[in-house]
Amino acid sequence: HAKARYRGQPVIFSREHEVEIRKLSTIEHTLRRIDLDAELSLHFQPIVNVGTSRLVGFEALARWHNPELGNVAPGVFISVAERTELIGTITQVLLRKALSAVSSWPDGLFLSFNLSMRDLISQGTILQIVAIIESSGIDPRRIIIEVTETALMQDYERVQESLRILRSMGLKVALDDFGSGQSSLSYVHQLSLDKIKIDRGFVRNIAMQENARNIVKTVIDLCRNLKFDCVVEGVETAEQVEIISRLGCSTMQGYFFARPMPQGEVEAFIADFGLSGDRRLVAAAG
Ligand code: C2E
Ligand code: MG
Ligand code: MG
Ligand code: MG
């Protein structure tokens with residue numbers, strides 16, 4: 001075992017670690033030389049209100065296909081990019097693509113867009129984001145920025161300032177993956193938030209474990225008390241839909257409704273949802 005550093009972080013080398021580090025470093029170098037605009041794309045996953053049976057919006061999720069590396073998961077390449085200044089450029093490329101997709105959606109639908117911690121502490125990136133949104137002509141009130149707890153714990157003052165700028169334009173802010181990290185109930189109410197997304201980790205066991213049900217119920221009640229909207233993510237079965245509605249949250253996202261899809265399938269999904277959405281929800285209710 002040898003000791004080394006990767007991006008300032010100490011690493012103990014074993015054979016697997018070495019392979020892993022080399023893989024991450026290949027990803028980083030590839031991201032640096034490719035045409036990001038050509039290789040990155042977005043998939044869109046529907047977010048629905050099961051109370052009204054209506055589609056309310058889509059979350060944009062990054063996809064990367066590279067001729068040599070194949071498909072690289074966003075969980076991998078976004079976290080590599082986040083350790084460098086690359087993330088700022090990637091965020092801008094993806095935001096332009098997302099807004100161009102939104103321009104062909106019906107007015108009532110919102111876009112949920114993930115920002116990383118590094119975006120929120122970079123004043124340059126925030127100003128670019130503002131400029132991209134302004135020049136897109138999309139109503140900023142249709143855009144929700146998703147941020148994670150880890151992002152919020154970083155450079156609190158700067159993150160708050162970035163969120164303040166974005167909210168003053170009319171954007172909304174959602175706290176993503178709530179409950180998955182070191183939880184932060186103590187400062188959730190101090191943050192400028194509009195919405196909380198309950199992590200899918202809690203949903204997985206909701207039908208089997210009373211414990212998981214109680215946690216979800218507690219967070220739903222918290223949202224109601226603090227006047228946040230609430231979204232439950234990772235909903236995969238009709239039984240979960242039924243339980244979550246009963247616990248008091250009607251906005252949901254997950255494979256039960258649809259997997260993330262390319263923009264080419266979004267229009268058909270929007271057109272079809274009234275029908276197929278209802279059918280699924282009837283199935284869930286029965
Ligand atoms: P996230 O923002 O929490 O996105 C939700 C993830 O859960 C997505 O994974 C989605 O495909 C997956 N998912 C949705 N419904 C279900 C379900 O019912 N079951 C299961 N098992 N999974 C479900 P994905 O697309 O692989 O993205 C992973 C993460 O990568 C995202 O988590 C987000 O943190 C990050 N990410 C993705 N796109 C972007 C982006 O454009 N910018 C930034 N900064 N991060 C992004
Ligand atoms: Mg998200
Ligand atoms: Mg999430
Ligand atoms: Mg996540």
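**Metal and ligand sites**

In sequence, the donor residues of the magnesium ion (ligand 2) follow the spacing E-x54-N-x31-E-x29-D, donors being N, O and S atoms within 2.8 Å of the metal (3.2 Å for Na, K and Ca), with water not among the atoms, so sites may look incomplete. The model is predicted, with local features requiring pLDDT of at least 70 and side-chain atom pairs pLDDT 80 or more, whereas totals for chains, interfaces and linings use all residues. Residues are numbered from 1 along each chain, chains are lettered from A and ligands numbered from 1 in the order written, and side-chain values use heavy atoms, without hydrogens and water.

The protein donors of this ion are E59 (OE), N114 (OD1), E146 (OE) and D176 (OD), at 2.0 to 2.3 Å. The magnesium ion (ligand 3) lies 3.8 Å from the magnesium ion (ligand 2), and D176 coordinates both. Because E59 belongs to strand β4 and D176 to strand β8, the pair ties together parts 117 residues apart in sequence; strands are DSSP runs (E, at least two residues), as are helices (H or I, at least four), numbered from the N terminus.

Around ligand 1 there are 23 residues, of which R63, D176, D177, E236 and Y255 come nearest (a residue is near if one of its heavy atoms lies within 4 Å). By class, this shell has 9 nonpolar, 6 polar and 8 charged residues, where Ala, Val, Leu, Ile, Met, Phe, Trp, Tyr, Cys and Pro count as nonpolar, Asp, Glu, Lys and Arg as charged, and the others, including Gly, as polar. Strand β4 gives the most to the shell, with 4 residues.
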